[in-house]
Structures are given as C-alpha cells and as structure tokens.
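Open the model in your viewer and keep the selection tool at hand. This tour goes stop by stop.

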Amino acid sequence: MSARRGFWRELPLYVMLAPAVVLVLVYAYGPMVGLVMAFQRVLPGKGIFGSPWVGGENFAFVLQMPTFLQVLRNTIFIAGLKAVAGVVVPVTVALMLNNVTGRLFKRTVQTIIYLPHFLSWIILAGIFVDILSPSDGVVNRMLGLAGIQPIFFLGNDKIFPWTMVATDVWKSFGFGTIVYLAALTDIDPTLYEAAVMDGATRWQQTWHITLPGISSTIIMLSTLSLGNILNAGFDQIFNLYSPLVYRTGDIIDTLVYRTGILHNQYGVATAVGLFKSVVSLLLIGIAYKLAAKWADYRIF
Amino acid sequence: MNEKIVKLPFVENLLNLAVLALLALLCAFPIVHTLALSFSSATAAGSGRVTIWPVEFTTQSYQFVLANPAFLRSFGVSLLRVLVGTPINMLMTILVAYPLSRSNSEFRARNFFAWFFLITVLFSGGLIPWYMVIRQTGLIDSFWALIIPGALPVLNVILLANSFRSIPKELEEAAAMDGAGHWTILFRVLLPLSLPILATLTLFVAVGHWNAWFDGLILMNSPDKYPLQSYLQTVVVNPDPRMITERDLALLQIISNRTTRAAQIFIAMIPILVIYPLLQRYFITGIKLGSVKG
Amino acid sequence: MRHAAGKTRYSLLAWLLLVLLLAACGQPASKATPARPPTGDPFAGLNLVVPKRYEPPIAMNSVITVDATVKFLSGNDIHDNVWTRAYEQLLGIKVNYKWVVDASMYGQKLGLSINSGDVPDMFRVDQAQLRLFQEAGLLADLTAVYEAEASAKTRDVLTQDPISLKAGTLGGKLWGIPLTDASVASASVLWVRQDWLDKLGIAAPTSMADVLEISRRFTEEDPDGNKVNDTIGLCVTKTLWGAIASLQGFFNGYHAYPGIWYERDGKLVYGSVQPEMRPALLALQKMYAQGQIDREFGVKDINQISQTIAQGKCGMEFGVWWNPYHPLNLSQQNNPRAFWSAFPLPSVDATPAKSQYRSAVGAFLVVRNGYKHPEALIRMVNFWTDNIIGSQDDKLRGTFLGNIEAPDVVLYKYTPVVLWEPNAAIKAGNQLRDALAKHDPSGLDLEAQWRYRIIQAYFEQGILEAWVEVATNGPNGAVTVLQQILKDRGLLNRFYGTPTATMAEKMPTLQTMEDVMITKVITGDSIAVFDQFVSDWYRLGGTEIVKEVNLWAESNP
C-alpha cells in the first residue's frame, strides 16, 4: 500500500472539513455556551453573564411538577413505540415494494406514500378529528361493518398514544421507505442468484440476504432515532390532544408549553432541553456500544 | 436497473400489490380531500360536505390565493431558498462525509471529528443563544439566515458516510494505485456510485428547505421576507380561544375558511410533487454493481 | 459524473434565471403603483388636537405586529402609512419599526430581541412581561410624564375602568400605559337558535330549568325537521373556556365563577373550587349522558365547532356578544332561515345570575429605561384619545381608523398605540337603540348609521342576512344584554394584578388539573373527582396562592 502517510496525506481531508468545521463551531458550538442558562435564573436583558446562578433549581422546578413522572413515562412510551414502528413499517414496505415488478405501480406508490409528509399537523388535525370520529368517522364506519364497536381514538386515554403512533407512522413511513429502498439497491444480485441456485425460498432469501444487507442502515437509523427519544412529537400531539387524554398523551414538550415556560422562563426551558440532550446522548452511547459488540458494527 | 430475479408466486404477488395499493389509498386520501376542498365552495367546505370530490365547484379560492402578493412573494422566497440552499447543503454534506468515511488508520482524527459533529445534533443551547449568534454574524433579517446556520445537516452526513463505506474498497485502492488523491477518489469514484443515496439526500434537503417555517418567522424582521411555510403558518395557526377578542374577527374568518387554506396548501405542495418523480429514478438504479465485475 | 455535472449546470441556470426574475418583480406590489393623493397636507381640514411637536424631530424605535388581515392602500406599507406620517409631521416623532412580526410570534420575537440586547424604545408587553421587565430594570418610570402631559381625555379613558391604571402600576409607580378595551366584552351571554325556539313553540329562557328543558327538546324533537336524530342542545369546545362555545355562562347560572377571584365572607376566593361548581357539573354530566352535549366535544376545537354550527347541529351556546359575526353566521350557509338570539344568563334559582368577566387590560405600552423622551409615548396616546375616541367626524375616522366602505383596510392596525374606550360599545349601542326607537338616525356617526340601515333592512325588507347586526346591536341584542351585565348583572374578576410568585409558578398546572377534572366529570366520572380536585388544588399550591392574593387585595382595594 502507499507509504505516504502522515499529515500531507491527510491534508485534503482537513481541507474538505474546514468550511463545515467553521460553520459548526459558529452556529452549533457557539450557541452551546448558552447551556449554562439551564443553571441560571435568566433575567431579561441581563443575558448569560448577568443572570444569577441557581444551580439545579430549574431542574427541580420541572421535576416537582405533579404530573412530571407521568409525562416522562408518556413521552418515552410514545417515542419508543414510534421508534420501533418507524423501523418496522418502512422496512416492511420497502421489502414489499422491492418485490413489485411493475415500474409504474412501484413509482406511483412510492410517490403517494411520501405525500402525507408534506401536510402539517395543523391541517391533519382537522382531517383526523373527522375521520376518527366515533359517531360518523370513516374509520369507525368501516370497523362497524366488521362488527366492531366504535372506538374513540382521540378521546379515549388508553387508546390515544396508539393513535398518535399510528397517525405519525402514516405520515412519515414514506421517508424511511425511500432510504431503505435506496439501501436495498446496494445488495449484490449475485447473492440472490446463488441462493436461488441453492434452492432457497423467498423467505429464506429475505431473512439471510435482504435483511442483513440493509441491517447497517436499519441499525444506523434506529440509533439516530434514539437521539429523538424524548421528542415524542410536539406538533402532532399539541394539535390533537385535549384534557380528555392528558393522562396518557401529555408529553414533556406540551407540558412545558402549557406552563408558559417558553414565554419567559428561559432558564427552565434550557434545563429541559439539556435534560433531553443528556438522555439522548446516554442512549445513543449505549446503542453504539451494543452495536459494536453484537453486530461488530461501527455506526459512525 | 435492479432486476428482481425472484418473482413472487401469483397469490402472494396479488396480496402484496393489494396491501401496497391500500396503503397508497390511505396516504392519498387526505391529499385528495384537500384538493377537493380547494375546489369547493366555502359553504360546502365549512359544513363538512366535501369528501373526495369538490362540492359546488369553483376556482375562487385559487384565484384569491394567487392574487395575494404575500403568498406569491413567500413562494418565491422559498423557491430561491431551495435552489440556493440545496446545492450548498449537499456540497457541505459530501465534503464532510468523505473524511468521516475514511478508516481510522487513514484518517487518525476521524473519531474526533465524528463526535465533533454528532454532539451538535444532540446538544443545543436553546433559542436565545442561537438567535444571538445569528444576530452577531449579521444574518438577522437576511435571506442567508435561512441557508447558512443550517447548512450542514449532520444526519445526512452520517447516511452518506455510511454509504461511502459500503462501496468496495478495491475500487478506491485501484484508483489510488493509479495515483488518485482524495479529491479524485471522492468525485470520480465514490460520487458516481452513490447516486441513489445522493438523490435521496437531495430530496430530503430540498424538502427540508421547502417545509421549514420556524426560522423564517423568527429570524426575519418583516413578513415580506417570510418563506412560504412561514407565511402559511400565519393563516393557519389557531389563536388561543381564551385570548380572542372582537379585533380578531377578520382573522378568525380567514382561518376558518377551509377552501382558501386548502388551496394554499395544495399550491405549496406542487413543487415537491414535481421534483419527486424526477428524482425517483435514481432511487432504483444500482449502477455501481456493474463496475465491480469489471 | 456527467449526470451530476449536467444537473448542476442546469440547476445553476435555473437558479440564475429565478434570481433575475425575483429581482425584477421582487418589489412588493404596493410600491408598484403609487396612487397616493398628490402632495398637500393629508391632515388639512381635519380638526385635530395635536400635542406639542418635537423640534427637531426625535427618533423612536418600536416594534409592531401584523396579521394576515392587515392590508395597505397602494403606496403604503407598515413603515410608511398615514399613522407614521401623522406621528412624524404632526408630533415630530419619527417612528422606526425595527422588526415587524406576525402576531402569533410576537411574544417569542420580543423575548429573543430583548434577551439578545436589542430593546426597542417603545413597545407592547403583557402583564407578566410588564412585571418581569420592570424588575429587570428595563423600563422607564412613566409616573412623572403621565402626570405632566396626559390630556384630560386620556385621563378619562384610562380611569373609566378603575382597574386600568392600577394594572400598570407596580410599587406605586406607573410603568406601562394600559391598552384599554371593553372589559365587559368577555362576559358570557346565552345564544339560542331562535328559529328552533319558534318552530317548537318554546318561550324565551328565563331560568336554568328553561335552559335544561330547551336543551332536551332541541336534542329530542328534531328542530331542524330533517327526520334525523342529529341535533344537540349545547355546543362546547374542548378548551372549555373562551369566546366561543364556552362553559363560563353555564356555571354562572349556578352562581359558580370558575377562573376568577371574588369576595366571599370578607376574603377573596377562587371560583373554581367553590361548592357552587358541584350542581353545575352534575347538570352538565346529565346533559352529556342524555346526548344533549356532543359526545365528542372533548376533541373539538373552535374550528370544528364552527363546522357543527354551520351544519346546523346545535341549538345553544354560551359565548360573547360578537359571536353572530363568527361563527354563528355560518348557520345561514345551510339554512337561510337560521338565526340566533341573545339572552341574559338564566339562573338556577330566584337570585339573578351574574355574568363573570375580567379586566380587558392585558397589554401595556412601555418605554425603555434610558430613552430620552418617555413623554413621547404620552403624546402619542394623547393624539389617539383626543382625536379618535368618541369622534363623530367621519372624515377623521376614515383617515385614521378605516372606512366602512373598504372594511378590509384597517388603518388602526398600523400603530401599536391603540386604546379603546371601555364603555364605547355600550354607548354606541345605547345611541343606536334610541335612534331605532325614534326611527331617526340623524344623530349617529357613519358607522352607526350603517348599522342602523342594516337593522332596518332586516325588519322592513326581510333581508335575512342582516340578522347578525340585529342580534348584536339591535334593540334586544347582545349589546343590550351587556349593558345590563355592566349595571348589576356582572361579576368582575377582583384580581387584576400581575401574577403573584406562586401563581406564576403553579397556576398553569392547576388550570390544567381543573380542565381535566371538568372534562372527566362531564363525560361521566363520578363527582368525587371534583372533590378530589378541590383538595388537590389547595394542596398543590392553591393555599399559597389564596394567601398571596388576599395579601395583594389589602393594598389594592
């Protein structure tokens, strides 16, 4: 192999990185200085350097809110379910699409399933309230044909989290499907040829060739989604929830929003953000170690 | 063209197609519904009589929307944003993904930089410091505020770096043997083989720019400079019912006018509906495999 | 590679073209055709009361909100319009809006601006911000300049509602000029589908028992005559409170006053935890169980309720006086004969019901601490109150407020200095009513005359759409009901100060608990949930808050 090592060999890499590093230093690390606000009582106009230090008070404030534990549980539950569904559904659909031979059908379906992504939750909220209505919504009418009693999807607090997961998956599975479809094209077709010659069934092929072939993408995307574990979807939940379902539907971000924290208590808002970041970091770190150990896979 | 060697048996194929078709229908419904609303009369829409066909067909809402200078102006801003921001983002992404895709022996500081970028995804100082930095760098109220601060989407970098790594090493080694340096390897070997992922990322970046609304609302000092989705937010957001007064009547009437909202939303979706099929063919090509055998 | 290069070149070209295109027609349409009146004083001929002019003119940085309804006459925009010209020419104040933002983002943008060191010279704040910024030393003390320069009219307007100035006062000093408006406007009135009452032969409701009966009959007797069981008695939104389809008026009928503070046995108590809430909750529970309240009200916001009303599905709602303008007018979309009438709140017993309302002062104009001319704000306020408030001069109103003929160009939205006389709507209503009784519109200003004509059109020509005006400003309309409320049928929130320490911290959580409790009880949970709520409320901060409020009351009689 080339004996040219050292700095000069690596120089082009540094050159490539330079603009991005500057950008990130300024616009990502610069603001991070503001994390200290999590430990301050931020006074308007006094900024970071003039506001008094209050240690863990901001954290305590949030933690001792009567519903905080419940809210934390809800957040993890909903986000967790979304993370799982956010892998299972797109992978499945990608596999299904991959088996389709008709190009037109494939492209059309691909296009259509990506469309819900573009509707904002404000609009979708109105649509879903109509569709999911227990009295005259389309979904319940269909269920009625199958003899199932009407379900109050948005008003029953036991069902609400599942409704949130389902509607969110519906809105975003198109995105994941695209990524997995792209990954599927990377799989060497000769592997399939060989398998067919060995008499492998389709299921065996899927299990032994396809899934391992995209496993790196799956692991990577799911690990990254761990970074979002405490973001259970403010926009969606805010537009669809109501006092009927606060018990299971209230998440950290909606709680923070309702208490007006964002409005004037920046210290507390920063504390919440910091809390979420630390948890994400921990989870990603764990996933990274696990993937390295079990799958011998370095995510990045 | 990735030729599927195995064809499904008839029944399973049918089932496969049926399920996919159902999914497609489920996804298409709200779009079709919105489209129908946009061509319906306000009264029909307001009383919920519209499902998938327009009721009392009219193009009034489109005329209204297209005549509104604010809508057109913000549409232009968004278009410009996508056309300028997408190439910039993609370039940055490529330039960072390549070094990060090198092995640790090839690039000793690789892990350092990987974490350097990853941390920024997880940690944020919050709204105020972000605003302040943007202000200190003179970007408040500038079009470039929509482009520069977010010019490096780290998640895309990870996806691309991963994709680079999955390209067989032999290709790079062969090129290096011919005297190719990093730049050459990147632009002549890796990129051409990464078209599917590049197309995917381009789509995501373009869509991201098109859909972004918060930065426009917060960083601009005048609604004249709002990009499209920021503008749409202002006609769609519901005011707090406890704070509504008589002065908000006109606004309430606009907001509850579903046909105008529907028309606005639909027009806002059109560019994506146009770009997407164009980029689609890149998702299902697997050119690189041809070169391995060579 | 060729692909990539070709694509880049193509997109670069498209990009270039677009930039050129946008540059060419990037100018806002309004600047394209200046159709302003030729030079000459736009203010000539108007009998204006103008405060002292600054010589030389001074600069004032401010900020302002716009919303989707703000429109401009050609040649004008937010930085250059009749108001900015008036301030500059007549008062010598050059107003410069550092930023203009959509109303929904104002709080955030202001917070960001101030926290990044960018404090405007004059700006609007809400009550909580008033206290916050004052404590941080960001505001100028306005006591002296107010004393020195406020005109008689200004003093009158700001004291019509005794609370206004007090709300802007902290520690005995005035820090913000209250942006006054009619407090009583937030009082609930009962709206009922009059055509349904007529159809079923029901008399006007005068007691809560009537209301319950009407609710039952509206639900069971098919008032819309479509042979389908699809009508309900009472519309309620998931947010429970607010200007449309709220529960406030219903509770008031039981002498319960959720959400406000009032006197009981010499102390101030909070309405939501008082025993009167119980029977009201039970009544609502029963109505819900019998299908008189929408089974899905818990997930319906005001947009959905508007749809329900448009579809003609509900017959009653507790709302505010202007509801006919929106959303009640929507009923006519499906049924031209639909119309609603306003009624005073019925009571559950012999004691008349009081409609609760809160002080309308929610916003204040403040001046930055350190700005050289705090009195400039007072002069701007004077200019408004002296000239606009109570003015009968149509030319003046047309120049500064807006024209009835072009109702979508609302001129007063171009300035943050806008105060409304607390009793204006009532006064106007009185005048209108007298004029209608006498059949003589001559004493009315242009706008009132327009209303007069519309109301006449309803009665004399049977123009059905005009019911909206009749229901609000007509002889028995909502404004008349408000008048009665203001006189002796209203209960004003006794606490009008900035939130106390514990209040700021705990009230949002307590409010959430309350909303959840009410929703749950109505949809069927046992009334014991209410009792539990009351004890939780006290335990989780209520006791502290009650103490603080009563302490406040001692120095704020």
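Is A:Y241 buried or exposed? The model is predicted, and in it A:Y241 has a relative accessible area of 6%. Buried means under 20%, so A:Y241 counts as buried.

**Stop 1: around A:Y241**

Select A:Y241. Its place is the loop between α11 (234–240) and α12 (246–249) of chain A. A:Y241 touches A:F160, A:Y246, A:G249, A:D250, A:T254, A:R258 and C:K238. Next, pick the C-alpha atoms of A:Y241 and A:G155. They are 8.2 Å apart, though 86 residues separate the two along the chain.

Stay here for two of those contacts, A:Y246 and A:R258. The charged end of A:R258 sits over the ring of A:Y246, at 4.3 Å from the ring centre.

**Stop 2: two helices of chain A**

Select helix α10 (residues 202–226) and helix α15 (residues 266–294) of chain A. Two packed helices are described by the angle between their axes and the distance between the axes. Here the axes come within 8 Å and cross at roughly 155 degrees. Angles over 145 degrees count as roughly antiparallel, and α10(A) and α15(A) are therefore roughly antiparallel to each other. Show side chains where they meet. From α10(A) come A:I219, A:T223 and A:L226; from α15(A) come A:S280, A:L283, A:I284, A:A287 and A:A291.

Then move to helix α6 of chain A, residues 121–131. This helix is mostly covered, with ten of its eleven residues buried. Among the buried ones are A:W121, A:L124, A:F128 and A:I131.

**Stop 3: aromatic rings**

How many aromatic pairs are there over all chains? The count comes to 54. A:F39 lies in the loop between α1 (7–32) and α2 (47–50) of chain A, and A:F59 in helix α3 (residues 57–63), so the pair ties together parts that are 20 residues apart in sequence. A:F39 is partly exposed, at 26% relative accessibility, whereas A:F59 is buried at 19%.

Switch to chain C and select C:Y270 and C:W537. The ring centres are 5.2 Å apart and the planes are at 5 degrees, so this pair is stacked. C:Y270 is in strand β10 (residues 267–270) and C:W537 in helix α22 (residues 528–554), which puts the partners 267 residues apart. Both C:Y270 and C:W537 are buried.

One aromatic cluster is also worth a selection: C:F43, C:W83, C:Y87, C:F383, C:W384, C:F400, C:Y412 and C:W420.

**Stop 4: the nonpolar cores**

Zoom out. The largest nonpolar core has 250 residues. Those with the most contacts inside this core are B:F117, B:L152, C:F123, C:F251, C:W261 and C:I518. Helix α4 (residues 69–101) of chain B gives the largest share, 14 residues.

Now select B:L152. Leaving aside neighbours within four places in sequence, B:L152 is in contact with A:A20, A:L23, A:V24, B:M92, B:T93, B:V96, B:F117 and B:V157.

Methods:
Residues are numbered from 1 along each chain as its sequence is written. Chains are lettered from A and ligands numbered from 1 in the order in which they are written. This is a predicted model: local features need pLDDT of at least 70, side-chain atom pairs count only at pLDDT 80 or more; totals for chains, interfaces and linings use all residues. Side-chain values use heavy atoms; hydrogens and water are left out. Buried means under 20% relative accessible area, exposed over 50%, partly exposed in between (1.4 Å probe, protein chains only). Helices (H or I, at least four residues) and strands (E, at least two) are DSSP runs, numbered from the N terminus. Rings of Phe, Tyr and Trp (its six-membered ring) pair if their centres lie within 6.5 Å; planes under 30 degrees apart count as stacked, over 60 as edge-to-face and the rest as tilted. A charge sits over a ring if NZ of Lys or CZ of Arg is within 6 Å of the ring centre and within 35 degrees of the ring normal. A nonpolar core is a set of buried Ala, Val, Leu, Ile, Met, Phe, Trp, Tyr and Cys residues joined through side-chain atoms within 4.5 Å. Contact means heavy atoms within 4.5 Å. Axes are lines fitted to C-alpha atoms, for helices over the stretch in contact, and angles run from 0 to 180 degrees between N-to-C directions. Angles under 35 degrees count as roughly parallel, over 145 as roughly antiparallel, 65 to 115 as roughly perpendicular and the rest as oblique.
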